[in-house]
Amino acid sequence: MTPMYDHQLFVSTISEFTRTLLNPYDPTVALNDLATRVTDVLALAGSGVTLATDGYLRFVTAVPEAVGDLERYQEEHQKGPCVAAYESGDTVAVHDLRDRAAVWPEYCAIAERLGMGAVAGIPMRLGEHTFGALNLYAAGTRAWPDEDLDAAAVLADMATAYLINASTYHQQEQLNEQLQRALDSRIVIEQAKGVIAEAQRIDVEKAFDRIRQHARSHNVKVRDVAEAIVHVGLRI
């Protein structure tokens with residue numbers, strides 16, 4: 001089968017997509033970008049992306065917007081080529097959706113209404129894990145040469161890797177924020193202990209005991225009491 005994808009556009013898209021994903025990027029925007037780019041590269045009628053949460057595929061984005069009807073059906077019923085690709089971890093390519101009318105009757109009816117005659121579901125995988133699927137839609141029937149599916153898979157893999165890295169980065173960012181809050185708390189508590197110790201002429205351990213007792217009796221955090229002592233002038 002003769003590939004239908006635009007190789008020159010594919011190469012330039014890979015280059016641009018790579019540069020884009022190296023920067024902080026909203027995951028939803030990244031997936032919409034994926035759908036737009038794969039639609040252009042393969043000269044498709046449209047494409048959509050679904051991601052798995054708690055074992056179920058959820059509709060994320062579609063290009064053009066009307067394709068969202070097919071993605072929403074798959075989310076609601078957990079049936080269709082996207083779901084099959086996700087569950088099997090393999091590409092599901094359908095040359096003519098009329099051949100699957102008995103398997104996905106409502107889905108195929110929606111596709112016919114939208115003028116979509118062929119579909120391919122590309123699993124979004126990283127290692128042994130599948131995180132979602134990319135759906136490719138063509139008007140009328142369409143053969144799906146390996147070269148076309150491979151090009152789509154490359155873009156899907158790039159977006160998947162970005163999502164995983166973004167999640168890891170977010171987790172690290174949260175950890176850094178928690179560590180910074182812990183450090184800030186320790187600093188302000190140490191300052192508060194010094195203020196109370198000097199004001200009451202007691203050692204810092206007793207000063208800390210007073211701060212904790214005050215926090216318990218007023219049902220507030222020790223850090224909040226410490227900040228009030230340091231920044232507001234609270235004396236206990």
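Guide: Happy to! Let's start with Asp 148, which is buried, with a relative accessible area of 0%. Its side chain meets that of Arg 142 in a salt bridge, at 3.1 Å from N to O. Arg 142 also counts as buried, at 6% relative accessibility; the cut-off for that word is under 20%. Do keep in mind that this is a predicted model.

Arg 113 and Asp 69 meet through their side chains, with 3.4 Å between N and O. This pair links distant parts of the chain: Arg 113 sits in helix H5 (residues 105-114) and Asp 69 in helix H3, 44 residues apart. Arg 113 is exposed, with a relative accessible area of 56%, whereas Asp 69 is partly exposed at 27%. As for helix H3 (residues 68-77), it packs on the sheet and touches S1, S2, S4 and S5.

The other pair is Asp 209 with Arg 212, whose side chains meet at 2.7 Å, N to O. Both residues lie in helix H7 (residues 204-217), three residues apart, or about one turn of the helix. Asp 209 counts as partly exposed at 31% relative accessibility, and Arg 212 is likewise partly exposed at 31%. Returning to Asp 69 and Arg 113, salt bridges that share partners join these two and Arg 72 into one network.

Key:
Residues numbered from 1 in each chain as written. Predicted model: local features only at pLDDT ≥ 70, side-chain atom pairs only at ≥ 80, totals over all residues. Heavy atoms only, no water. Contact = heavy atoms within 4.5 Å. Axes fitted to C-alpha atoms, helices over the stretch in contact; angles between N-to-C directions. Helix = DSSP H or I, 4+ residues; strand = E, 2+ residues; numbered from the N terminus. Salt bridge = Lys/Arg side-chain N within 4 Å of Asp/Glu carboxyl O. Buried < 20%, exposed > 50% of the residue type's maximum accessible area, 1.4 Å probe, protein only.
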